[in-house]
Amino acid sequence: MTGAGTAPAIELINVTKRYGEAVALDRVSLQIESGEFFCLLGPSGCGKTTTLNLIGGFIPLTSGELRIEGQRVNDLPPHQRDVNTVFQNYALFPHMSVADNVAFGLRMESLPDDEIGRRVGEYLELVGLSEYRDRYPGQLSGGQAQRVALARALAKRPTVLLLDEPLGALDLKLRKQMQVELARIHRQVGTTFVFVTHDQEEALSMATRIAVMAGGHVRQIGTPREIYLGPVDRFVADFIGESNFLDGRVASNGQGPAFQLSNGTVVPIPTEPDGTQNGRVALMIRPESVGVGRGAPGGMTPNVVIDGRATNVAFMGNHTRITVQTDAGILVALRFHGESDEQAVEEEMLDQEVHVWWDPRESTVVTADDLRGSEEELRGGPEG
Amino acid sequence: MPVSRHGGTVRWSLRLVFGALIVFLYLPILFMVVFSFDEGATPGLPITGFTLHWYEAMLNNRVLLRAVGNSIIVAVIVSILATIIGTMAAFVLVRARIRFPNATRIAFTLPIMVPGVLIGVSLLIYFARVLDFSLSLGTVIAGHLVVTVPFVVLIVASRLQSFDRFLEWAAADLGASPRQAIRHIVLPLIAPAILAGALISVTLSIDEFVITWFTVGSQPTLPTFIYTRVKFGVTPEVNAVATVMLVLTLGTLGLAGVAMGRARRLTGRMRRRRQAG
Ligand SMILES: Nc1ncnc2c1ncn2[C@@H]1O[C@H](COP(=O)(O)OP(=O)(O)OP(=O)(O)O)[C@@H](O)[C@H]1O
Ligand SMILES: [Mg+2]
C-alpha cells in the first residue's frame, strides 16, 4: 500500500467531517488515481468544497483517514502537503504583481532565483499570460485572474492540483474556452486534477472520472459514460442530464428481465436489476433515446413501442423537444434536425396521436425512492 | 415636486443652523491663527498689523522648546508602543479563539469612553500609592498608552476582520508557514492600517491634556506648559505654538486618512477590471 508507484494519488477512507452538529461529509471513501482529471460533482451544499479543503489541509477531519500518495496526512499542515489549490475566488495576493504571485510558492521553497525566474516564465506562458507579468491582480479580468491562480498553483509542480469551481465566475463563452484550456493544460502537465463543479456538463466534458455527491455522501463514482448511461439511482440520473422516468416494478415476461409499467404493459429491460434496487423503482430512458413519430418506427431493432399524445412541441435550435403524454407517464423525446429520418414535420405532431419507442438496451432500472433521503435535503425547503 | 410646501423653509433653516455650528466650531481656531500673526502684544481686535515676530519668539523660548521636545519624545514612544501592543492585541482579538470575544473587545476599547479625569486620577493614585513611582515622562507615557492602544486595536482589528481568509489559505497552500504567511501576506496588507494607528496615536498623545495633567512630573509637555502659561495671560507666542501644533496635527491626521483609504483598497474585494491607476 505504501509503494509510491502504486498508491493512489489521493485516498479518502471513511472520512467524516462535522461542523458542530451538522454533518458535511458522512463516511466518504474514494480513491483518485495519479494523473486523473477527477470531478467532484453535486448540488450546492453537498460537501464538495469541504472535501477539497480536507485534502488541502485547511480544515481538520472529524474522523477517518486521508492519504496522499499512500501517506497518511491527517495531521499534516497545508504548507507541508504536496497539493496545491486554485480557490474559487482565486485568492491572488493583491499587493504582488502577477509574476510575484506565481513566484511566491517557489520562494517559499527557497529555490534559486534563476530557477524561479525560469519557472515563472514557463507557467505564465503555459496559461498564455506572459505579457501580463507586471500587472497587479486588480488590473486583470476574471478569466486572466483565474489563469494566474492556475499558473501559481501549477508552478509548484504539485502531485495533485485541487480546483474549486474555478470557472464559476466566468461567463458562458469564456467558460467553454477555459474548459478546453484546462483540459489541454491537464494533458500537458500530467498532474492529477481534482476539480469541483456543480455543472454536470462541465464534469462530463472534462473528467476522466466523476464522483457524484449529495448530502455529504458519494452516490456514484465512474467515468462520465458509466454515470450517464448507468446511473445507480434516480438522483444521479436526474442530476446528470435530463431523463424520463416511468414508474412501475420489476417483472418477468418469461423471456428475460422485464419491467411492468404502471399501465400494465410489460417491457424488456437489458439486465436483471441487482439486489440494490429494491423498494420503489423506475425505468429510466434518456430523451435522446426516445423515438417519436406518427407512424411505426423504422429499422430492425427490437423496439418497445407505446402510444400517446404529443402535448408540447418546442423548437430548440438544433433539435426539437417533444413531450408525449402516455398512459404509462410523460416522456420527453428529442429529435435532432438534419437526420435522414423524414417521417414527419415535428410541428404537425402537436395534439396528435403518436407512437414513442426506445431500444430496451438504452433503458435502465433505477431506485425511485431515495433510501438515504437526500433528495429532501437537497430541496431543503419547507416546500419539500 | 416638493414633499411639503414648507420643504424650502425647512431646508433653509437647517442650512442656517449648520452654518452657525460650523462658525461656532471653527471661528475660535481661526482667531487663534490670525492672532498668531498679529503685531499687538495682547492678542485681540482690532488687528494692528502682520508679523512673524511671535514665531521667532517661540523659537527662542528655551522652556517652551523643552516642552515641545518632551511632547515629541512622549508622542514617539507612545506611538511605537501603542502600535506594537495594539496590533498584537488586535490579532488576539480577531484570530485567537478567545472565550468571550465581545466582552474582550469592549474591555479593550472601553478606555476611549471612560472620562479622562477618571483615568488620570486612578493612574495618579496607582503610580503614587500602589507602585510608589515618582511622576515623570515615563508615567505620562503609561497614561497615554491607556487611551492610544484602544484606537490602534480598533483600527487594526477592523482591517483584520475584513481580511480575506483565503489569502492566508493560499499562502499556506503555496508552502508558507503560518509565520511566513503573516510576514509576507498579512502584514503588508494591513500595514496601512497599522500606520494609521501609529499616526493617530501621535496626534492623540501630542494634545492629550487631562491624563497628562495628573501624571506629569516636573517636565511639562506642550499642552500642560501652554496651560500653565495661559493662566498668566495669553501671549501671542502661545497662539503661534498652537498654530504650529494645529498644522502638524491636521497633517498627521490627513496622512492617517490616506493610509486607511489605502488599506481599504488593498484588502477589499478585488474589483474585476479595475482600471490601472
Ligand atoms: N464553516 C462551516 N461551518 C458550518 N457549516 C459549514 C461550514 N462550511 C460548510 N458547512 C456546511 O457543510 C455543508 C457542505 O458545504 P460545502 O461548502 O462543502 O458545500 P459545496 O458542495 O461546496 O457547495 P457549493 O456548491 O454551494 O459550494 C453545507 O451544508 C454547509 O452549510
Ligand atoms: Mg463550494
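Colleague: Before we start, what is meant by buried area here?

Modeller: Buried area is the accessible area, taken with a 1.4 Å probe, that two parts lose on being put together, summed over both. Please keep in mind that this is a predicted model.

Colleague: Then how much do chain B and chain A bury between them?

Modeller: Chain B and chain A bury about 2400 Å² between them, and 68% of that area is on carbon and sulfur atoms.

Colleague: How many residues are in contact there?

Modeller: On chain B, 26 residues are in contact with 30 residues of chain A.

Colleague: And how many salt bridges or polar contacts are there between the two chains?

Modeller: The count of salt bridges between chain B and chain A is zero. For polar contact, the count is five residue pairs, with both residues at pLDDT 80 or more.

Colleague: Which helices of chain B supply the side that touches chain A?

Modeller: Helices α7 (165-173) and α8 (178-206) of chain B each supply at least two residues of that side. The largest share comes from α7(B), with seven residues. By class, the side of chain B that touches chain A has 15 nonpolar, five polar and six charged residues.

Colleague: Changing topic: which residues are around ligand 1?

Modeller: The residues around ligand 1 belong to chain A: Y19(A), A24(A), S44(A), G45(A), C46(A), G47(A), K48(A), T49(A), T50(A), E165(A) and H198(A). They divide into three nonpolar, six polar and two charged residues.

Colleague: Which helix gives the most to that shell?

Modeller: Helix α1 (residues 48-56) of chain A does, with three residues.

Colleague: What are the distances from ligand 1 oxygen atoms to the side chains of S44(A), T50(A) and E165(A)?

Modeller: An oxygen atom of ligand 1 is 2.5 Å from a side-chain N or O atom of S44(A). For T50(A), the distance from a ligand 1 oxygen to a side-chain N or O atom is 2.5 Å. For E165(A), the corresponding distance is 3.3 Å.

Colleague: How much of ligand 1 does the protein cover?

Modeller: Ligand 1 has 640 Å² of accessible area on its own, and the protein covers 57% of it.

Methods
Residues are numbered from 1 along each chain as its sequence is written. Chains are lettered from A and ligands numbered from 1 in the order in which they are written. This is a predicted model: local features need pLDDT of at least 70, side-chain atom pairs count only at pLDDT 80 or more; totals for chains, interfaces and linings use all residues. Side-chain values use heavy atoms; hydrogens and water are left out. A residue is near a molecule or strand if one of its heavy atoms lies within 4 Å of it. A polar contact is a pair of N or O atoms within 3.5 Å; within protein, one must be able to donate a hydrogen and the other to accept it, and residues adjacent in sequence count only if both atoms are side-chain atoms. Accessible areas come from the Shrake-Rupley method with a 1.4 Å probe; for residues, only the protein chains shown count as cover. Helices (H or I, at least four residues) and strands (E, at least two) are DSSP runs, numbered from the N terminus. Ala, Val, Leu, Ile, Met, Phe, Trp, Tyr, Cys and Pro count as nonpolar, Asp, Glu, Lys and Arg as charged, and the others, Gly among them, as polar. Contact means heavy atoms within 4.5 Å. A salt bridge is a side-chain nitrogen of Lys or Arg within 4 Å of a carboxyl oxygen of Asp or Glu.
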